[in-house]
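Thanks, everyone. I'll keep this brief.

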Amino acid sequence: MIILFVVLPLIVAGVLPLVGKVSRRVLPDLLANTTLLFLLVYAAVAGRALIAGGPILQQMPWLGETVNIRLALDGFSLFMLMAVSLVGLAASLFAIDYMEHYGAKANFYALYLVMIAGMNGLVLASDLFGVYIFLEVAAVASYALVAFGLGHDELEAAFKYLMLSVAASAFIVAAIAIIFGMTGSLDFAAVAAALKELNAGPVLGIATAFFLLGFGLKAALVPFHAWLPDAHPSAPAPISAVLSGLLIKVSGVYAMTRIFLNVFGLTPALSTVLLWLGAVSMVVAALLALGQKDMKRMLAYSSISQVGYVVLGIGIGTPLGIAGGLFHLFNHALAKGLLFLTSGSVQQATGTRDMDEMGGLAKRMPVTAATNLIGALSIAGVPPLNGFWSKLLIIVALVQAGHPVFAVIAVLVSVLTLWYYLLMQRKAFFGQLNEKWAAVKEAPFWMTASTVLLALLCLGVGILFASTVSTWIQPAADVLADGIHAVTGSWGF
Amino acid sequence: MILQTALLIGMVLFSVLAIALKDLLKSAIALAVSSLLLGIIFFRMNAPYAGVFEISVVAGLITVLFVLTIALTKSGDEVRESRLVNWAFPAVFIVFLVIDALVMKSLLGQVPALASGAETGAFGDVLWKGRTLDLVGQIAVILAGVFAVLALFRKRDKHD
């Protein structure tokens, strides 16, 4: 019943506003978090068994009639489902305490679950238009969630995000229309088979360019990144965590990778474009992050830089490069989710995001400081944390594939990353305690618990990296490395 | 062919007007006219359902919503745009037209006539049986929209 990943959050979202009339806090908290916990357990326990015999495809009956609800679950989608459920649950646990002062908690959870349903639907979709429609589901919910605080900055950021996101959607729809015009189909398998026979160079080139623009905007790759440093910091902390940790990866990187590698097939030219896009994003965003005073804004720029690593890894196109890219996607989701949550704890305790005003907070918030340090070191790629291994895989893959220059850039950006994260750690948590914060207390239970959960995961995945890679990452990388055979071979109905 | 070209040019012109006009009411009406022309083009290209939806929803319903919203705003809230915006749009538009004129004709020749795949069929069949997952997506989008309105227009009381 893989449709549960889409339908269950939608149903719960539908009843939440009604439940909110009865109980303002406890029931919505319980209902939303239980739903996400259930999805996580289901993905973790049943997922591997489901795809043990190859990808599964389900065609659902609807009210007793056979209709065309086709969902596909393979190694790649299962891996993404795991990432979505894991970070989604952590952020939603954090929201139990954090969203108290925003009000309208039931509505918040309803929007949140619709966003999760959109991401899950996108990951399970087996045709191009399905990808588009679930991308919009997640996007529409996320516009509202960015603006949830209703302040001037939030509304402005949400509007900017909306405008650029709509442009992205327009390019994606245009590309889908071109593909449909050429092949007469939207189904991944049928499109991949038809394109192979059609040999439509220039038209396919236009479609590829449109997809690159659209998904590049969604993934906030430089030069399409202008919206992200406004939108992500303005959102409430759990939403920032999900936007940076998951949404840009699902609606940008996942969709782009699935279509380019499994439907179009990765050509050398496309591989070069992806390598350059990744490298430019890495470097430019890391330099921009270095100059930030606003804690969440620095994290937002760092997200762009790290998505650059992911695209760089996948762009290599070799099995090792793809595995490295996907592993980094997962690690960044955990670590950046964690960092946005800790920044939320700090913002709630001090009322500011300006790092110059902070200082010495480690004395007042030891757990938050420690978890923040783990997240920062993980993203910077310090062993034995998880981020180290994924960056190592990407760099080794770059050298193996004969791109030593990109490998050197990746190492240098990693040093830069360590630099700005240590700067953040020093300004915010270390040093003399600023007297203003003498009365600051550690964050409430659920906020601390969810950051500790993510920090432990960063540590655990780092130590058990070999088994994580072989259990979750390798099956996903295999699907992508298989190219169009992955969908034309076994995805037929 | 001449009628078709005239319709297309008219659609582009009214779209440009919708962006360029400073008066919101006129802009909304220009958008409606542009969408009406698009609807007629849909009819002439054997896509009657697309035409019906375009005219009734986009040209009709959405224009009514726009006009209602504009009627609720107060005059005097002038928004100043930077000069960049004033020349950026025409510049981009001209560049687009040039690229269009140079590239599109040869490109269009290469697009094969719409292949008839498994997804063609009667309109109702396609919508309800062929694209059922999209309907689930539609429900989700509508839910997201409703919750967004509920959340963004909520009353903010101090204790909640």
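Start at Val137(A). Setting aside residues up to four places away in sequence, Val137(A) touches Val114(A), Ala117(A), Gly118(A) and Gly121(A), plus Gly137(B), Ala140(B), Val141(B) and Ala144(B). Touching, or contact, means C-beta atoms, placed from the backbone, within 7 Å.

A word on the source. This is a predicted model: local features need pLDDT of at least 70, side-chain atom pairs count only at pLDDT 80 or more, and totals for chains, interfaces and linings use all residues. Residues are numbered from 1 along each chain as its sequence is written, while chains are lettered from A and ligands numbered from 1 in the order in which they are written.

Now the core. Val137(A) is one of five residues that touch the most other members of the largest nonpolar core, which has 215 residues; the others are Val87(A), Leu111(A), Val114(A) and Ala144(B). A second, separate core has 5 residues, including Ala30(B), Leu31(B), Ala32(B) and Ile55(B). By nonpolar core I mean a set of buried Ala, Val, Leu, Ile, Met, Phe, Trp, Tyr and Cys residues joined through C-beta atoms within 7 Å. Buried means 20 or more other C-beta atoms within 10 Å of the residue's own; exposed means 12 or fewer, partly exposed is in between, and C-beta atoms are placed from the backbone.

Next, the interface. How many residues of chain A are in contact with chain B? There are 44, and they meet 31 residues of chain B. Elements giving two or more residues to that side of chain A are α1 (4–22), β2 (65–73), α4 (105–124), α5 (128–146), α6 (152–183) and α8 (201–219). The largest share, 10 residues, comes from α5(A). By type, that side of chain A divides into 31 nonpolar, 11 polar and 2 charged. Here Ala, Val, Leu, Ile, Met, Phe, Trp, Tyr, Cys and Pro count as nonpolar, Asp, Glu, Lys and Arg as charged, and the others, Gly among them, as polar.

Chain A overall. Its secondary structure comes to 19 helices and 2 strands. These are DSSP runs, numbered from the N terminus: helices are H or I, at least four residues, and strands are E, at least two. Of its 493 residues, 62% count as buried. In α3(A), 24 of 24 residues are buried.

Last, chain B. It is divided into domain 1 (1–74) and domain 2 (122–155), with bounds from an automatic or database domain assignment. Over C-alpha atoms, 23 Å separate the two domain centres.

Definitions and conventions
Contact = placed C-beta atoms within 7 Å.
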